[in-house]
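Here are a few notes to go with your first look at this one. Have the structure open while you read.

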Amino acid sequence: MTTLQTILEILKYTIPAIVVLITASLIVKRFLVNETERKRMSIFREGMDTTLRLRLQAYERLALYMERIHPRVLIPRVYVTGMTVRDLQTELLQAIRMEYEHNLSQQIYVSGQVWKTVQSVKEQEMAMINQVAGMLPPDGSAKELHQKMIDFIVSNENDLPVEVALEVINNEAKLVLSHQG
């Protein structure tokens, strides 16, 4: 047997083995790439579901915050018989601040417009309380402040900042939901 025949004999077995090895490696590589992509997409979908839940919870919490600082709800919650105007004013402002601080983290889940609206409502509600309280003697009965604020609410029901903010929050939540489907 000559050297050429030996080389041909070796190549007769080696070339098909190399072709099978290359083919197998390409198939395995394609499978692994597809499997990795599938897992990445699954993780991405799970992340989107989690993000959607967190965003919707943020809208719910901010809507609840708006409801809780609405003067119609806030005054009866903090008013205690025997309070002075200054006492009620202080309690109302403190309640608004505490509710706000409790919801600060929600700003990362909502748009800048919604968060600015929430901040603006907080400031407007506090300014309204201070304005109405400023028209009364500080040591007067809180009942007077309570009544003046109720009168103010009744005369401005459609223009209350809380109502506008609730509409902004609801509209954005609906927009987020409509883009998820």
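Which residues is Glu 172 in contact with, leaving aside its neighbours within four places in sequence?

1. Before the answer, a quick caution: this is a predicted model. Now to Glu 172: its contacts beyond those neighbours are Arg 55, Tyr 59, Val 110, Ser 111 and Val 114.

2. You'll find Glu 172 in helix H6, which covers residues 161–180. Glu 172 has a relative accessible area of 11%, under the 20% cut-off, so this residue counts as buried. Look also for the polar contact between the side chains of Glu 172 and Tyr 59, at 2.5 Å.

3. Next, turn to helix H4 (residues 112–134) and helix H5 (residues 142–155): their axes come within 10 Å and cross at roughly 125 degrees. H4 and H5 are therefore oblique to each other, and their crossing is right-handed.

4. Who meets whom there? On the H4 side you have Met 128, Ile 129, Val 132 and Ala 133, and on the H5 side Leu 145, Lys 148, Met 149 and Phe 152. Sorted by class, the contact of H4 with H5 has 7 nonpolar residues, 1 charged and no polar ones.

5. H5 also pairs up with helix H2 (residues 71–78): the axes come within 10 Å, crossing at roughly 165 degrees. That makes the two helices roughly antiparallel, and the crossing of H2 with H5 is left-handed.

6. The contact of H2 with H5 divides into 4 nonpolar residues, 1 polar and 1 charged.

Note on methods: Residues are numbered from 1 along each chain as its sequence is written. This is a predicted model: local features need pLDDT of at least 70, side-chain atom pairs count only at pLDDT 80 or more; totals for chains, interfaces and linings use all residues. Side-chain values use heavy atoms; hydrogens and water are left out. Axes are lines fitted to C-alpha atoms, for helices over the stretch in contact, and angles run from 0 to 180 degrees between N-to-C directions. Helices (H or I, at least four residues) and strands (E, at least two) are DSSP runs, numbered from the N terminus. Angles under 35 degrees count as roughly parallel, over 145 as roughly antiparallel, 65 to 115 as roughly perpendicular and the rest as oblique. A crossing is left-handed if the near helix is turned anticlockwise from the far one by less than a right angle, and right-handed if clockwise. Contact means heavy atoms within 4.5 Å. Ala, Val, Leu, Ile, Met, Phe, Trp, Tyr, Cys and Pro count as nonpolar, Asp, Glu, Lys and Arg as charged, and the others, Gly among them, as polar. Buried means under 20% relative accessible area, exposed over 50%, partly exposed in between (1.4 Å probe, protein chains only). A polar contact is a pair of N or O atoms within 3.5 Å; within protein, one must be able to donate a hydrogen and the other to accept it, and residues adjacent in sequence count only if both atoms are side-chain atoms.
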